[in-house]
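Please keep the viewer open while you go through this note. Each point can be checked against the picture.

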Amino acid sequence: MTEARALSGKKVTELTVDAMRAGEIAVADLRIHPETLERQAQAAERHANPQLAENLRRAAELTSLPDDEVLAIYDALRPGRSIAAELTALAGSLADRGLPRCAALVAEAAEVYARRGLVRLPSGGTAPRTPR
Amino acid sequence: MDRQRVNLDGFAVENAELGLIALRSPYDPEPGLTITDGRITELDGVPEQDFDSIDTFIARHGIDPSVAAEAMALPDVAFARLLTDPAVPRGEIIRLSAGATPAKLTRVLAVLKPHELGMAMAKLRSRRTPSNQAHVTNRLDDPLLLAADAATAAAFGFREIETTVPVLDDAPSNAVACLIGAAVASQGVLIQCSVEEAAELELGMRGLTSYAETVSLYGTEQVFTDGDDTPWSKAFLTSAYASRGMKMRVSSGAGAEVLMAGAERKSMLYLEARCVALARALGAQGVQNGGIDGASVAAAVPNGLRELMAENVMVMMRNLESCSGNDALMSESDMRRTSRTLPIVLAGSDFAFSGFGSIQRYDNMFGPSNFNAEDIDDFLAMQRDWGVDGGLRTVPPERLADVRREAAEACRAVYGYLGLADFTDEHVARAIDAAGSKDLGETDTLAVLTAAHAIRQRGLTVVDIVTALDECGYPDLAERTVAFLQARLGGDYLQTSAIFDEQLTVLSLVTDPNDYAGPGTGYEPAPERRREIDAIRQARGVEDLRESQARFAVPGLLRPAGAAAQGTDPRDVVIGVSPAVGRDVWRCLSGLAVPNVLREILAGLEEEGCVGRIVRFGDTVDLGQIGLAAARLSGSGIGIGLQGKGTALIHRRDLAPLANLELYSVAPTITPELYRLLGANAARHAKGATPDPARNPYSDEAIEARYHTTVIALMELERRRVDAAAGPETLVLS
């Protein structure tokens, strides 16, 4: 088995049935560590997939966010959920909290959504799309 | 002809206006790419200011500008030839494809003929070892049946199990049931519960599932938005799965845009090319495509099946995992659905099916797959016929019964221990034996819903499942589940095309890269796996046949009674039998006992006033020789030859061995009446009377397929009894 650690810092080898039965294992002990994701990102780069590497690095950043917030950001990025300014603000907050890659993704969404009518209108609807 | 099942299928007139066109629409853009100061400013004819959201995401994240000029300048045919040329390594195709636009790859793949797609697939898939995925669902979301069926699927060799629900709220229960069931039969089977994105992510976060694939992409912005997502929300979701250590692939495929009336007059392959380019741009490790829900739309137009396979190859060109469709029943015709699937199984894919329905068709809550539980024997035979690895193996019935029992019992124990539901012994027994949910009788579906709510509301995680398994007397299953969690935390299974083998080793693009480079290279099943593929349960050898023949043996029924003498009575007709008759061979191919056949022949002879005499000719297995020798020994000059398998003839002493008087050749279809007629006709020949013409019964069944292997084994039993020195021997029939 590898030397990997869980997000909590516990060694993978400390995850045992006995530890689970003793109530010593929490969900954070089952979560992947950002360093593991970084190591995988490097492997993806070596295997000609820089996009997979970028994804794994965004994922490494996201390990610091709680589940609810991850789901909330996903929802904010769905079409017609946010106005551009909200997305820009979200990007800023992510950047401030040490998630630069996720911040860049959200900032880019803010720009493109505004141009492509994917933002929420003040009335609550979605802007008409520009015909191609 | 109209009654053939193929005529139940819908076939569409090709129509670009509706997007009903497979490989190339007149409205598809010309491939094109302009790079200004390192930035893509034109993509397939669209200038940057007009990019829709999909174009934008692909242009900014999906194309390698450093190789774009080279890739786009390659003529389509030259590019296509690289795909099939074994001298060009996979890595070179991956490098070039990274710089190609969706329209460019569309044109390149449209050049390939079907067998060339197969060559490309064999070379370009990421993982060396092919694999397979199962659908495990049922109409009732019955946990015990799900557990038993997941165990069955894992026993057959499926390395991913995808479940889903007819009742959305049941999802956590289904995930738990499949998790337990699969672990009974194998380590390291990945489990998915396909539901709404957020719900699916939540199951993964709790460790109840280990991969996801229902993250849909579409080829036009309108349909993408109608699907309530954008490339950015999907990119974020992709990262969200990885952040919780979950394998994930996206899903796309021909026909989806057509069905949603949003194809914008583009060909299916071009729209899918946009999806695949986007999948790579998002950073997803793989794609489930090849039609999927729209497979029958593609199949309705000319070149449709070619298009479906081209989609898979395109995924491979983008250096991604291919989960190659074949998961929707695309035809009512067995021949058409086989024709759709076979080329992919032959070439080998990361996953030949993105859901082989390992359950009954009616229980498949995704809709019937292209292959289903009732097709597993056919699939196993196809693997063996072609010597290819489709990921499955034969499971002995005792093993199936064992794993189903343990799965259902463990599932019941865990549900009971956690206070989720109480199931009766009878329910467990029915789930073990059930072919499908119709065999369960009345079940309490509300109990399932209650259990699922409890799992969700109490926030139960895989830790609770492990504890329950250990507490309930399943320490091995608990250990197995923990080992899987530990292995997943290493992250290696987040790489392209990753699966765990049964020793929990990750096989992926990184650890098990495809090295096909022409004949004599690439994946070859290891000897043990080869034996698994070959050893289908229907295979029979000579010793199997010897045993089955011995069960019909009646000792003393055909007694040797010394050397046979030359007959002199003009009514004497010798019935010559082959060497193993009454020794190792007791039953003809028709199922008639050899002594009964002899009785019929004797009775026929007697009816016409002749006397039959049974003589074994132990020096040959050749029926012509036996018949002729019998005729020469007969007082009448007419003889009958009978092989143990039931083939019979009438011979005359002055004829050449192969020139007999009457031949009853199709042994499996010869009836007692025909054997009696044979005897009567032999007597008529002996008397110089006119024989009654015998008509060999003909059959439209695959008689040869059914009996040839048995014939070969029977003849081997006969051959082993041949003694060149043996003279004719009289036999007495008691």
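1. First, a caution. This is a predicted model.

2. Start with the overall build of chain B. There are 28 helices and 20 strands in chain B. The C-alpha trace spans about 110 × 65 × 45 Å along its principal axes. Of the 734 residues in chain B, 58% are buried.

3. Next, contacts inside chain B. Take those between residues at least 6 apart in sequence. Of these, 76% join residues at least 24 apart.

4. Now look at helix 3 of chain B, residues 76-84. Its buried residues include Phe79(B), Ala80(B) and Leu83(B).

5. What covers the buried residues of helix 3 of chain B? Among the covering elements of chain B are helix 4 (90-97), helix 5 (102-111) and helix 6 (114-124).

6. Finally, the partner chain. In this pairing, 55 residues of chain B are in contact with 49 residues of chain A. Several helices of chain B give two or more residues to this side, including helix 1 (53-62), helix 4, helix 13 (268-282) and helix 22 (475-489). The largest share comes from helix 11 of chain B, with 10 residues. By class, the side of chain B that touches chain A has 24 polar, 22 nonpolar and 9 charged residues.

Definitions and conventions. Residues numbered from 1 in each chain as written. Chains lettered and ligands numbered in written order. Predicted model: local features only at pLDDT ≥ 70, side-chain atom pairs only at ≥ 80, totals over all residues. Buried ≥ 20, exposed ≤ 12 C-beta atoms within 10 Å, placed from the backbone. Helix = DSSP H or I, 4+ residues; strand = E, 2+ residues; numbered from the N terminus. Contact = placed C-beta atoms within 7 Å. Nonpolar A, V, L, I, M, F, W, Y, C, P; charged D, E, K, R; others polar.
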